[in-house]
Amino acid sequence: MKMYKLTAADGSTYLSETKGEYGGNSNMKIYGRMDCPSANAVLRSKYRNAYISHRVFFKDEETAIAAGYRPCGRCMRDKYKLWKEANKK
């Protein structure tokens, strides 16, 4: 049985039999859809290995938010705009 490494709300990791619904970048604290054009472009680029070293996966969007990640500005544009408005300084 395949197991998936997911990130919990507290930032710890755990193994799950179920794939995560969202991917993220722990360096940039961004989460997005698994089909994100930006993430997939980096995965095809010469920066692939560096990107993969910071790649995380979340069970759901609520967990990503609880872990302190923000929505991707490309694949989750509407949610990113709401996040940006709420986090103006």
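1. Partly exposed is the class between buried, under 20% relative accessible area, and exposed, over 50%. In this predicted model, Lys-79, with a relative accessible area of 39%, is therefore partly exposed.

2. The side chain of Lys-79 meets that of Glu-61 in a salt bridge, with N and O 2.7 Å apart. Because Lys-79 belongs to helix α4 (residues 77-86) and Glu-61 to helix α3, this pair ties together parts that are 18 residues apart in sequence.

3. The structure holds three salt bridges. Another one of them joins Arg-33 to Asp-35, whose closest N and O atoms are 2.7 Å apart; here Arg-33 is partly exposed at 36% relative accessibility, and Asp-35 is partly exposed with a relative accessible area of 47%. Lys-88 and Glu-85 also form a salt bridge through their side chains, at 3.3 Å from N to O, and Lys-88 counts as exposed at 59% relative accessibility.

4. The count of aromatic pairs comes to three. In one of these, the ring centres of Tyr-22 and Tyr-31 are 5.8 Å apart and the planes stand at 80°, so the arrangement is edge-to-face; both Tyr-22 and Tyr-31 are buried. The rings of Phe-58 and Tyr-69, with centres 4.9 Å apart and planes at 70°, are likewise edge-to-face. Because Phe-58 lies in strand β5 (residues 55-58) and Tyr-69 in the loop between α3 (61-66) and β6 (70-71), this pair ties together parts that are 11 residues apart in sequence, and both of its residues are buried.

5. The largest nonpolar core has 14 residues, and those with the most contacts inside it are Tyr-31, Phe-58 and Tyr-69. The elements giving two or more residues to this core are β4 (30-33) and β5. Leaving aside residues up to four places away in sequence, Tyr-31 touches a set of residues that includes Tyr-22, Phe-58, Glu-61, Tyr-69 and Met-76.

6. Strand β3 (residues 22-25) runs antiparallel to β4 and is joined to it by four bridges, with Tyr-31 as the bridge partner of Gly-24. These two strands form a hairpin with four residues between them, and Lys-29 in the turn has a positive phi of about 60°. β4 also pairs with β6, in the parallel sense and over two bridges, where Tyr-31 stands opposite Pro-71.

7. A charge-ring contact may also be noted: the charged end of Arg-70 sits over the ring of Trp-83, 5.5 Å from its centre.

Note on methods. Residues numbered from 1 in each chain as written. Heavy atoms only, no water. Phe/Tyr/Trp six-rings, centres within 6.5 Å; stacked < 30°, edge-to-face > 60°. Buried < 20%, exposed > 50% of the residue type's maximum accessible area, 1.4 Å probe, protein only. Lys NZ or Arg CZ within 6 Å of the ring centre and 35° of its normal. Core = buried A, V, L, I, M, F, W, Y, C linked by side-chain atoms within 4.5 Å. Contact = heavy atoms within 4.5 Å. Pairing = 2+ DSSP bridges. Salt bridge = Lys/Arg side-chain N within 4 Å of Asp/Glu carboxyl O.
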